[in-house]
Amino acid sequence: MSFISVFDVIGPNMIGPSSSHTAGAAAIGRLAYKMLPPPVTQVEFTLYGSFAKTYRGHGTDRALLGGVLGFTPDDPRIRDSFRLAREAGVAYDFRLNETDLDVHPNTVDIHLKNAAGQERILRGESLGGGKVRITRINGVEVDFSGEYSAVMVVQQDRPGVVAHITKTISDLGVNIAFMRLYRDAKGLTAYTIVESDQALPEDIVHPLLANPNVHDVMLIQA
């Protein structure tokens, strides 16, 4: 017997008509917001599948942009995200890709830049009911839902780096719920994603960066 929760019946709190096209879009945008130090100055969205076909009517564009501005799916400011982005000096653009069909129907690529010149390119999918996942970061295939607090470590694929990550986290008293390693190829860029069922300490970033093979650390609180 499959379990059906109240969340599955009612759906998420949200602004907009669709849990997949609006709430999910805002959740993807907000995860992108959490992965790059603010302020964001430029963002480009590439929409696929049904996102590309219905993004204006379902408010997917406003929801994605609102998420990138840091708004939650139930934030009424999503309705005014175009104006608020312009007022904040955020340049934005929406592009449609209706030729690549081998993707989830609710898929978006988000290319972010911030005032420090840092960039992040990620792919997100809206799975229904407001649930989402990030499937690609800077070209590396990953699988991240954002449902748990997490630390993402961008590293050189070298011996000892994962041990450094786990020891640092253990020394801070963090309980690891899930840990996954993703990489393009041996010796190249890799991503370690550590998820915890507790809020992560803000001072986790600097000890992780102490290893010379760690290039970047993203702290994403649930």
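Guide: Residues are numbered from 1 along each chain as its sequence is written, and side-chain values use heavy atoms, with hydrogens and water left out.

Visitor: How do you know what confidence the predictor has in the protein chain?

Guide: The pLDDT is the predictor's confidence in each residue, from 0 to 100, and the protein chain averages 90, with 91% of the residues scoring at least 70. Over residues 1-14, however, the pLDDT is below 50, and where pLDDT is low, the predicted coordinates should not be read in detail.

Visitor: What makes the rings of F45 and F94 a pair, and why is the pair called stacked?

Guide: Rings of Phe, Tyr and Trp (its six-membered ring) pair if their centres lie within 6.5 Å, and planes under 30 degrees apart count as stacked, over 60 as edge-to-face and the rest as tilted. The centres of F45 and F94 are 4.8 Å apart and their planes stand at 15°, so the two rings are a stacked pair. Because F45 lies in strand 1 and F94 in strand 2 (residues 91-97), the pair ties together parts that are 49 residues apart in sequence.

Visitor: Why are the rings of Y55 and F94 also called stacked?

Guide: Their centres are 6.3 Å apart and their planes are at 25°, so this pair is stacked. Ring pairs link F45, Y55, F82, Y92 and F94 into a cluster.

Visitor: Why is F94 called buried?

Guide: Buried means under 20% relative accessible area, exposed over 50%, and partly exposed in between (1.4 Å probe, protein chains only). F94 has 18%, so the residue counts as buried; F45, at 0%, is buried, and Y55, at 8%, counts as buried too.

Visitor: How do you know that strand 1 and strand 3 are paired?

Guide: Helices (H or I, at least four residues) and strands (E, at least two) are DSSP runs, numbered from the N terminus, and two strands pair if DSSP finds at least two bridges between them.

Notes: This is a predicted model: local features need pLDDT of at least 70, side-chain atom pairs count only at pLDDT 80 or more; totals for chains, interfaces and linings use all residues. Contact means heavy atoms within 4.5 Å.
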